[in-house]
Amino acid sequence: MYFGAVSNMGSYFTDNGVPIPQDTNPAEFMIDVVSGDKSKGRDWARIWLESPHRRDRMVELDELAKSTPEISSNQDDEYEFASPFSDQVKIVCERAFVQVSLYRAWQTRR
């Protein structure tokens with residue numbers, strides 16, 4: 001329904017017939033508009049897709065993508081998770097061992 005700087009949000013909603021009142025938290029106002037009576041039956045997803053604000057954001061994103069250097073591939077990219085499965089199993093087993101050991105120590109003190 002909206003993507004961009006909070007400072008531009010007021011003009012977006014004003015352009016679409018729902019001005020943000022003074023001394024109102026813009027994020028809360030946006031939630032009220034989307035989920036409440038302030039929506040006035042508008043389809044905010046469609047409004048956003050057809051808005052000049054969206055077109056401007058897409059141009060910004062395209063320029064940002066062009067100005068960002070390509071990220072080189074790295075061997076870690078081949079894994080689904082940050083750590084290999086064997087490392088994860090080792091860590092979980094160590095954690096479980098510590099938990100069982102602490103539980104048994106606690107049981108003997110009772």
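Hi everyone, let's start with Arg 57, which counts as buried at 11% relative accessibility; buried here means under 20% relative accessible area, exposed over 50%, and partly exposed in between, with a 1.4 Å probe and protein chains only. Before going on, please note that this is a predicted model, where local features need pLDDT of at least 70, side-chain atom pairs count only at pLDDT 80 or more, and totals for chains, interfaces and linings use all residues. Residues are numbered from 1 along each chain as its sequence is written, and side-chain values use heavy atoms, with hydrogens and water left out.

So what does Arg 57 form with Glu 60? A salt bridge, with the closest N and O atoms 2.6 Å apart; the term means a side-chain nitrogen of Lys or Arg within 4 Å of a carboxyl oxygen of Asp or Glu. The two residues sit 3 apart in helix 4 (residues 52–67), separated by about one helical turn. Helices here are DSSP runs of H or I, at least four residues, numbered from the N terminus. Glu 60 is partly exposed at 45%.

By this rule there are 2 salt bridges. Arg 46 and Glu 50 also meet in one, at 3.0 Å from N to O, and Arg 46 is partly exposed, at 40%.

Now to the helix packing. Helix 1 (residues 6–15) packs against helix 2 (residues 26–35) at about 40°, with axes 10 Å apart; axes are lines fitted to C-alpha atoms over the stretch in contact, and angles run from 0 to 180 degrees between N-to-C directions. Helix 1 contributes Val 6, Met 9 and Phe 13 to the contact, and helix 2 contributes residues including Phe 29 and Met 30, contact meaning heavy atoms within 4.5 Å. Thanks, everyone!
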